[in-house]
Number of protein chains: 2
Amino acid sequence: MAEEDQGALPSKGDFSAWYNELLWRAEIMDVRYPVKGLYVWYPFGFSLRRNVYDLLRLLLDRDHQEALFPLLIPEHELAKEAEHIKGFEDEVYWVTHGGLSPLDVKLALRPTSECAIYPMYALWVRSHADLPLKIYQIVNTFRYETKHTRPLIRLREITSFKEAHTVHTTWEDAERQVGEAIALYREFYEKLCVPVIISRRPEWDKFPGADYTMAVDTVMPDGRTLQIGTVHHLGDHFSKTFQITYEDVAGEQRFAHQTCYGISERSIAALISMHGDDRGLILPPDPAPVQVVVIPITIGKRKDEVSAEAAGIERELAGAGFRVKVDSRDIRPGAKYYYWEMRGVPLRLEVGPRDIDAGQVTAVTRLGEKSQVARDALVAGVTGCLASFAATLKERAEAHVRTHIRVSRSMDEVLAAVGDGVTLVPWCGSRECADLIEEKTRAAVLGTDVRSAYLVDVSGPCVACGKQGSTALVGRSY
Amino acid sequence: MAEEDQGALPSKGDFSAWYNELLWRAEIMDVRYPVKGLYVWYPFGFSLRRNVYDLLRLLLDRDHQEALFPLLIPEHELAKEAEHIKGFEDEVYWVTHGGLSPLDVKLALRPTSECAIYPMYALWVRSHADLPLKIYQIVNTFRYETKHTRPLIRLREITSFKEAHTVHTTWEDAERQVGEAIALYREFYEKLCVPVIISRRPEWDKFPGADYTMAVDTVMPDGRTLQIGTVHHLGDHFSKTFQITYEDVAGEQRFAHQTCYGISERSIAALISMHGDDRGLILPPDPAPVQVVVIPITIGKRKDEVSAEAAGIERELAGAGFRVKVDSRDIRPGAKYYYWEMRGVPLRLEVGPRDIDAGQVTAVTRLGEKSQVARDALVAGVTGCLASFAATLKERAEAHVRTHIRVSRSMDEVLAAVGDGVTLVPWCGSRECADLIEEKTRAAVLGTDVRSAYLVDVSGPCVACGKQGSTALVGRSY
C-alpha cells in the first residue's frame, strides 16, 4: 500500500532520516495518523509484530500464564501507592466523560498495570501454596509524552506492552525471579540477534515504587542507547499498599514480595535499527514474516516449467514449516529483488532454466552471500543458509556494540566517547557526580552492576570527583 | 486461583445465576474489578480466548491482513459522519486531560474504528489495482453502557473486538463481500458448535452509517437471542465522508464502496452458554484449552507403573498435536473429575493397573460417554472420541435452537412463544407494526430475510395489522 518506489533510502549514517523513511517504505508503520504520538501498524509491520510477540509468548508460556486486565484504572486505585502516582501523574491520560455526562470517578488509561492488577492479586493470593504466581499480559498502555515522539520508540499509545507481574513469599525468591526474567529477556533478544547490556539503574532512575530496577539496553546505530526491557524488584511496597498477603506454612499472614518486568515494541525498533542497511530491513529468520522468497527467472518458452518448479519449491518449503512466498508478479526480477530486500527477507531463491538443468537453486541471503543449493536437498540447504545467515547477523550486531563501547577515565574522554557510543567510567556513586557528568557531556549514568560479554571492570578514580569509584555505564539515550 | 470448591452450581434452568457462578468457578472471568462493566480474564479464561481468536485469525488470514490502528480518535474525525456520531455520542468515553493539563482536542476511546481507519484508507487507496482491500484488527473498544452490564455480553471495555474493514470498487462487489463475511462467520461458529440464525436487521436497527446490516444471532438457554456477529454494507457513505477514492481503469476518480464486520467476546459467551451443564463448562475440542486430561488411578504398589503409563500417554498425544495434561495431584480421582468437568475438558482418560493389563485406556467424554481405547491405537482412538463428541455437541445445540423457534400467526402466539424462545411471524414491514409487537410482547422484530436451516417461510397476514407480510424473526434479546 505504500507507493511502489524504486528510490534509494537515506544512508543509514543519517540514522534518524533512514529510520523514519524505512518505516513507511518497508510498510512497518504509517506516521500520518491525525494525532501526535499515535501510529498505525501496516499489515506487513503487524505480521512482524505478531512473530516477535509469538516468540516472546513461547518463552513466557514455559512457566507464566497469560491473562488480561482492564485498561481503565479508577483514580483512587492509581493514587494508592504514593511514589508510583508521583512517577506517573504528569503523563496519565484521564477519561472524565461518558457520553455527554461527567463521570463520578475519573478513569486513567493505564500507563502500566500495577494498580489494575494488584487489587485482584489481593483477592487471588491466599496461601503460600498459591505462590509463586507468574502472570503476564500484552496490552496497549498510554503516556502523555510531551517530549518529541518517534514511532516504536516514544509513543503516546504503546500498542504492544508485554508486562509480567509475579508474586513470591520472600524478598529472596523475588530476587531470584529478577534473575530469571533477565535470562528470559536475554534469550528473547538472542532470537532477534540483538545484543544487550544489562545494568542496574541508579536510585533516582528506578521504577516508581520499586526497590531497584535492572535495565536491558542496546546500542543504536548512532551510538545512543535504547532501553528495550526493564525488570523491577518491587519488594513489599505494593503488597503493603494493596494488601497482598499470604498465609505461610506456620499459619501466619505475611506480606508478599513482588516483581514486574516489561518489554514493548521498542524490541522491534531495536531489531529494525540494529540490522537494517541502506537497502532496507534485514530480518533474522525467527521473526521474519517471509523467510524465503522464490523468484522465478522466466525466460522465453520455458516459463511454465520454471513456474511449476517455483511452485514445487514453495510447497516443499512450506511443508517443512518455512514461511515462503513465490513472487510471480509480472515485473522484472530486479524490481522484485528491490521489493523483498526493502522488506528484509533473509533468503532469496532464484530459479531459472539453467538452475533446473543443473538440479539446483541459486540462494542469495539478504547480506548478499550467494550459493547453490541442490534441488534434492532443498530443505537441508535452506536450513543451512538461514542458520549461517542468523549467525552472521549476530556477529555483525555484536561487532557494532563492541566497537561502540569505550573506556573513559576522564571527563574529556567521556565527552569524546558519547558522541557515537557508550562508555564505561569509574564513578563514585554520588548523585552530584552523576549530575556533573550529565552537565558536561549531555550523557547520563545509565547503570551500575553492568553485565555484558563486551564489558570490562574499570574501577578507579571517579571521572568527576576523583574518589574511588566502580564501573558505571554512561551514554546518551533515546 | 478461584477457591477449590466442590459445591454444586446453580441449575442451568436458572440461567442467569448459573452463568455468573460458572464464570468464576471455571476461572473464566473475575467480576470483582473495582469499575462497573470492566472484568478480568483469568488465565484459564484467557487461554480459551486465545484459542477462539486463533481459530478466527486462521479463517481471516486466508484473504485478510491483520493490522493495528490507534485507540484514540480525535473529536473532529469521530464527528465527520453525521449518522455515525449520532449513533454513538451517548456512549463514547472522552479523554479530556493529559497529565494535569486539558487537551486541545478531546479524544474518544474508539467505540468501533471506522473513524480511526478510514482517514488512513483515504491515503492508502489509490487505484482499482489496490482493491479489494481486506484488513482486520483485534482490539479493545469502549462503550459507556448505562444498561445493566454482564461479563462477556454487555461491557464497558470490550476486550476482544475483531473488526474487519474492506474496500471495493463497486456496491455489488461490497455486497459479495457481505456474503463472504457471513459464510466466514458461519464457519467460525461451526468450529464452536454454536448454531446461528442470519437475518437482516430492520432499518432503524442497522449500524449507524450503513446501507444495511446483517446480523448473526444465536438462541441462549433461556430463549433470548444473543447477537454474536454483524456484517454491514456501508455503501459509499463513509468513502464520501473520508474521501476514499480510487482511479478506475478508465482513469476516472470514483468513490469506493465498503463493508465492515465484527465479532466480540460474545462469541465466548455463546460458546459457554450453549454447551455448559449443571456440572460446568462443556467445550468443543477445537477451542478447548485442555482437550484431554489423563487421570492416573494409582492403587497400592503399582503407582510408579501407572505414573509412567500416564506420562507416556501424555507424550504420545502431545506429539500428535493434542493439548493434553496429566493430573498427578495428590487428591482423590473424584475431586479431579469435578475439577476438569467444571473446566469443560472434552475427554478424560483414566489409566489404572487394570487398564495397563488389558492394554487399554478408559475414555470418558464430558457428556459421560464411556469407551475403551486400545493403548496401541491411542491417537486414532482419541481422535475418534473427540470427533464424535464434537458431533454430539453440535446436535445437542441444534436441537436446542430448533426447539426454541416457533411459528406465530397472532399476537397471542407471539406472546406465548417469546417467553422461552424466538418466533417467526408474518410482518408487513412497517415500523408501526414492529412497535406494536414490541409494546404487546416486549419482544422486538430482530430481522427479515431470515436464513437458517431451522426456519420456514411464514408469509401471510401481518400479526399486527393483518396486511400481507413476509417472514420476520421476533424475540427478546440480550
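**Ground rules**

I count residues from 1 along each chain as its sequence is written, letter chains from A and number ligands from 1 in the order in which they are written. Since the model is predicted, local features need pLDDT of at least 70, side-chain atom pairs count only at pLDDT 80 or more, and totals for chains, interfaces and linings use all residues.

**Entry 1: the five-stranded sheet of chain A**

I looked up the strand order and found an open sheet, S17-S16-S19-S20-S21 in chain A, with mixed pairing. Strands here are DSSP runs of E with at least two residues, helices are runs of H or I with at least four, and both are numbered from the N terminus. Two strands pair if DSSP finds at least two bridges between them. S17 (324-326) and S21 (370-374) of chain A each have a single partner strand, so one side of each is left without a neighbour in the sheet. From one strand to the next, the twist averages 25 degrees.

I then checked S16 (residues 292-296) and S19 (residues 347-351) of chain A, which run parallel and are joined by five bridges. Ile295(A) has Glu350(A) in S19(A) as its bridge partner. Helix H9(A) packs on this sheet, touching S16, S17, S19 and S20 (360-365) of chain A, and its direction makes about 170 degrees with that of S16(A). Such angles run from 0 to 180 degrees between N-to-C directions, using axes fitted to C-alpha atoms, for helices over the stretch in contact.

**Entry 2: H9 against H12 in chain A**

How do H9 (residues 303-319) and H12 (residues 378-403) of chain A pack, and at what angle? Their axes are 10 Å apart and the angle is about 70 degrees. H9(A) and H12(A) are therefore roughly perpendicular (the word covers 65 to 115 degrees; under 35 is roughly parallel, over 145 roughly antiparallel, the rest oblique).

Ile313(A), Glu316(A) and Leu317(A) of H9(A) meet Leu378(A), Val379(A) and Val382(A) of H12(A). By class, that contact has five nonpolar residues, no polar ones and one charged. I take contact to be C-beta atoms, placed from the backbone, within 7 Å. Nonpolar is Ala, Val, Leu, Ile, Met, Phe, Trp, Tyr, Cys and Pro; charged is Asp, Glu, Lys and Arg; the others, Gly among them, are polar.

**Entry 3: strand S23 of chain A**

Is S23(A) covered on its faces, or open? Both faces are covered: Val422(A), Leu424(A) and Pro426(A) are buried on one side, and Thr423(A), Val425(A) and Trp427(A) on the other. Buried means 20 or more other C-beta atoms within 10 Å of a residue's own, exposed means 12 or fewer, partly exposed is in between, and C-beta atoms are placed from the backbone.

Next I looked at the neighbours. S22 (residues 405-407) of chain A pairs with S23(A) in the parallel sense over three bridges, and Ile405(A) is bridged to Val422(A). S26 (residues 468-475) of chain A pairs with S23(A) in the antiparallel sense over five bridges, with Thr423(A) opposite Val474(A). S22(A), helix H13 (residues 411-417) and S23(A) also make a right-handed β-α-β unit (right-handed: with the strands pointing away from the viewer, the path from the first strand over the helix to the second runs clockwise).

**Entry 4: where the chains meet**

How many residues does each chain bring to the contact? Chain A brings 47 residues and chain B brings 47 residues. S5 (residues 93-98) of chain B gives the most to its side, with six residues. The side of chain B that touches chain A has 30 nonpolar, seven polar and 10 charged residues. S5 (residues 93-98) of chain A runs antiparallel to S5(B), with five bridges joining them. Val95(A) is bridged to Val95(B).

**Entry 5: Pro151 in chain B**

I found Pro151(B) in the loop between S7 (133-142) and S8 (157-168) of chain B. Is Pro151(B) buried or exposed? Pro151(B) is buried, because 23 other C-beta atoms lie within 10 Å. Leaving out residues up to four places away in sequence, Pro151(B) touches Leu23(B), Met29(B), Val31(B) and Tyr39(B). Val31(B) is 120 residues apart from Pro151(B) along the chain, yet their C-alpha atoms are separated by 7.3 Å.

Notes
Two residues are in contact if their C-beta atoms, placed from the backbone, lie within 7 Å.
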